[in-house]
Amino acid sequence: MSKPFIVGITGGSASGKTLFLDKLLHTFEPGQVCLISQDNYYRPRHLQPMDDKGVHNFDTPNSIDFAQYAEDIKKIQQGETVYRQEYTFNNPNKKPKILEFVPAPVVVVEGIFVLYYPELADLLDLKVFIDAKEYIKLKRRIVRDKVERGYDLDDVLYRYEMHVMPTYEKYIEPFKHDADIIVPNNHNFDRALDLIRNYLRSKIK
Ligand code: C5P
């Protein structure tokens, strides 16, 4: 197989990366695209950095096992299948699946820090930044963290103000200017999605 085309999808937390990817990926045939998300490379809870109030901070670049993430992407790039235990966020009762990342003509690398790490950013053939207004991201995050990740409101608001926003300003937003495409997602992203989908299709022989 020839070298895959690697696309990085980034943006602040709750900017809409997952929805964008769901809509993008379901239109490809099985085996055409491999998605490898940064979320599955969070360090275990006991190794997570804490803030000065003793609250785990999942928003520092150090909260990710970046070396393993980069190594796995390079393996996939070289045609090797990679296995990784799913990360189950705040759900200790959820039994994690073993994820299988099978090399494909298009590889999607997704997460809040994929443009931040130079070693990773250098692997990307296309960089996409999903952008949304702050109040929209906060609104999405409140709903998602309650429904999908089981956090209470005080916790969500504290972490948004103390961890998520400072991280966005320091480690995510400055790299927006390195992106090839910035997709505004305040209402919908349908036209940009269509353009990117067609571009990626052209990369599959
Ligand atoms: O899907 P998204 O890009 O929003 O995922 C990144 C976010 O996941 C980070 O902002 C981090 O605060 C959050 N996170 C969490 N609980 C964890 C690990 C990460 O809320 N256990």
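Valine 7 stands opposite leucine 126 in S6. Residue numbers start from 1 in each chain and follow its written sequence. Because the model is predicted, local features need pLDDT of at least 70 and side-chain atom pairs count only at pLDDT 80 or more, while totals for chains, interfaces and linings use all residues.

Start with the strands around that pair. Strand S1 covers residues 5–11 and strand S6 covers residues 126–131. They pair in the parallel sense over 5 bridges. Two strands pair if DSSP finds at least two bridges between them. Strands (E, at least two residues) and helices (H or I, at least four) are DSSP runs, numbered from the N terminus. S6 also pairs with S7, again in the parallel sense, over 4 bridges. Here valine 128 has isoleucine 181 in S7 as its bridge partner.

Now take in the whole sheet. It is open and has 5 strands, in the order S2-S5-S1-S6-S7, with parallel pairing. Strand S2 (33–37) and strand S7 (181–184) stand at the edges, each with a single partner strand, so one side of each has no neighbour in the sheet. Neighbouring strands are turned by 20° against each other on average, direction ignored. H1 packs on this sheet, touching S1, S2, strand S5 (106–110) and S6. Contact means C-beta atoms, placed from the backbone, within 7 Å. The direction of H1 makes about 145° with that of S1. Axes are lines fitted to C-alpha atoms, for helices over the stretch in contact, and angles run from 0 to 180 degrees between N-to-C directions.

Next, the ligand. Which residues come nearest to the ligand? Of the 14 residues around it, they are Ser13, Phe58, Asp59, Phe89 and Ile112. A residue counts as near if its C-beta atom, placed from the backbone, lies within 6 Å. Helix H1 (17–25) and helix H5 (153–172) are the elements that give two or more residues to this shell. By class, the shell has 6 nonpolar, 3 polar and 5 charged residues. Ala, Val, Leu, Ile, Met, Phe, Trp, Tyr, Cys and Pro count as nonpolar, Asp, Glu, Lys and Arg as charged, and the others, Gly among them, as polar.

Finally, confidence. The protein chain has a mean pLDDT of 96, and 100% of its residues reach 70 or more. pLDDT is the predictor's confidence in each residue, from 0 to 100.

Key: Two residues are in contact if their C-beta atoms, placed from the backbone, lie within 7 Å.
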